[in-house]
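Please keep the sequence and the structure open while reading.

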Amino acid sequence: MRRFFCDDISGARAVIAGDDAHHICRVLRMKAGDALSLCDGAGFEYDAVIASVSPEAVVCALGARRASEAESPVRVTLFQCLPKAGKMETIVQKCTELGVYAVVPVVSARCVAVPGNDFEKKRARYGRVALEAAKQSRRAVVPEVLQMTELKKIDVKAFDLFLAAYEDECARTLKQALRAASAPAAVGILIGPEGGLEEGEVLHLTRAGAVSVSLGRRILRTETAGMAMLAQALYEAEP
């Protein structure tokens with residue numbers, strides 16, 4: 001069954017507008033009486049039947065609301081230090097597919113990429129990437145790409161568990177940290193830039209309550225590390 005995100009839902013009626021309406025009408029050539037599935041972007045889905053179709057708006061009658069089974073009860077937020085050009089889109093796309101709750105771009109000491117005045121335009125594009133990836137992976141929530149922050153301003157205590165990937169960590173693995181945690185509902189993970197995190201940055205975070213972890217014997221690229229850490233965190237933390 002065809003599936004679409006829709007934010008105009010009221011009672012037993014929903015209206016799909018914009019590009020999706022044009023796609024339903026002109027490309028898919030769906031008509032009144034056809035069935036489809038709608039998602040409100042907040043974790044709920046509806047079976048729906050088209051009542052009327054035009055390229056501008058598709059009006060649907062809704063069935064019962066149900067919670068989606070696609071979303072994890074563990075909310076993992078990725079704090080990604082700014083990578084070199086082109087990598088952030090891949091990170092947002094793949095982490096959305098894997099189940100990330102939100103992505104926060106971070107400026108750290110060793111970031112090669114320097115955010116310019118056009119970063120908000122880039123952030124809007126990352127949001128569109130997240131939307132398309134959520135559609136493809138049949139997510140029920142579109143992860144938000146939040147405003148950029150500095151590493152020193154991260155609120156570690158906002159999470160039940162905050163993990164910082166650090167290549168010089170020798171005492172604690174990611175698996176050990178996750179298995180020692182007591183059913184965290186909100187998890188933050190931090191990935192450094194191409195040059196990694198400075199020792200002082202890690203010390204600042206751990207003093208605030210973060211846990212420094214090793215991702216294993218091999219050094220991963222910044223665009224790979226977030227995906228690997230997210231997948232492992234969800235595997236271990238989900239009930």
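The points below go from the overall build to a sheet, a central strand, a helix and the nonpolar cores. The model is predicted. Its secondary structure comes to 6 helices and 13 strands.

**Overall build**

- Along the principal axes, the C-alpha atoms fill a box of roughly 60 × 40 × 30 Å.
- The protein has 239 residues, and buried residues make up 45% of them.
- Taking contacts between residues at least 6 apart in sequence, 75% join residues at least 24 apart.

**The six-stranded sheet**

- Six strands form an open sheet with mixed pairing, in the order β1-β4-β5-β6-β3-β2.
- The edges of this sheet are β1 (3–5) and β2 (9–10), each of which pairs on one side only.
- Strand β1 pairs with β4 (residues 35–39) in the parallel sense, over 3 bridges.
- Within that pairing, F5 has C39 of β4 as its bridge partner.
- Helix α1 (residues 18–27) lies across β1, β3 (13–17), β4, β5 (44–53) and β6 (57–67). The helix runs at about 90° to β3.
- As background, strands of a sheet pair through backbone hydrogen bonds, either parallel or antiparallel.

- Strand β11 is mostly covered, with 5 of its 5 residues buried.
- L161, L163 and A165 point one way from β11, while F162 and A164 point the other way. The residues on both sides are buried.
- β11 and β12 run parallel and are joined by 4 bridges. L163 stands opposite I189 in β12.
- Between β11 and β12 the chain passes through helix α4 (residues 174–180), and this β-α-β crossover is right-handed.
- β11 also runs parallel to β13, to which 3 bridges join it. Here the bridge partner of A164 is S212 in β13.

**Helix α5**

- Which residues of helix α5 (residues 199–208) are buried? They include E201, V202 and L205.
- The buried residues line one face of α5, because they fall within an arc of 95° when seen down the helix axis.
- As a general point, an α-helix has 3.6 residues a turn, so residues three or four places apart point the same way.
- E199 and R207 are exposed on the other side of α5.
- Among the elements that cover the buried residues of α5 are β11 (161–165), β12 (186–191) and β13 (211–213).
- G209 follows α5, and the phi of G209 is positive, near 120°.

**Nonpolar cores**

- Which members of the largest nonpolar core touch the most other members? Of its 51 residues, these are L163 and L190.
- Helix α6 (residues 222–237) gives the most to this core, with 7 residues.
- Beyond its neighbours within four places in sequence, L190 is in contact with F79, C81, L151, I154, F162, L163, A164, A165, L197 and L205.
- Four others, F162, L163, A164 and A165, are buried residues of β11.
- In soluble globular proteins, nonpolar side chains tend to be buried together.

Conventions: Residues are numbered from 1 along each chain as its sequence is written. This is a predicted model: local features need pLDDT of at least 70, side-chain atom pairs count only at pLDDT 80 or more; totals for chains, interfaces and linings use all residues. Side-chain values use heavy atoms; hydrogens and water are left out. Two strands pair if DSSP finds at least two bridges between them. Helices (H or I, at least four residues) and strands (E, at least two) are DSSP runs, numbered from the N terminus. Contact means heavy atoms within 4.5 Å. Axes are lines fitted to C-alpha atoms, for helices over the stretch in contact, and angles run from 0 to 180 degrees between N-to-C directions. Buried means under 20% relative accessible area, exposed over 50%, partly exposed in between (1.4 Å probe, protein chains only). The arc is that of the directions from the helix axis to the C-beta atoms. A nonpolar core is a set of buried Ala, Val, Leu, Ile, Met, Phe, Trp, Tyr and Cys residues joined through side-chain atoms within 4.5 Å. A crossover is right-handed if, with the strands pointing away from the viewer, the path from the first strand over the helix to the second runs clockwise.
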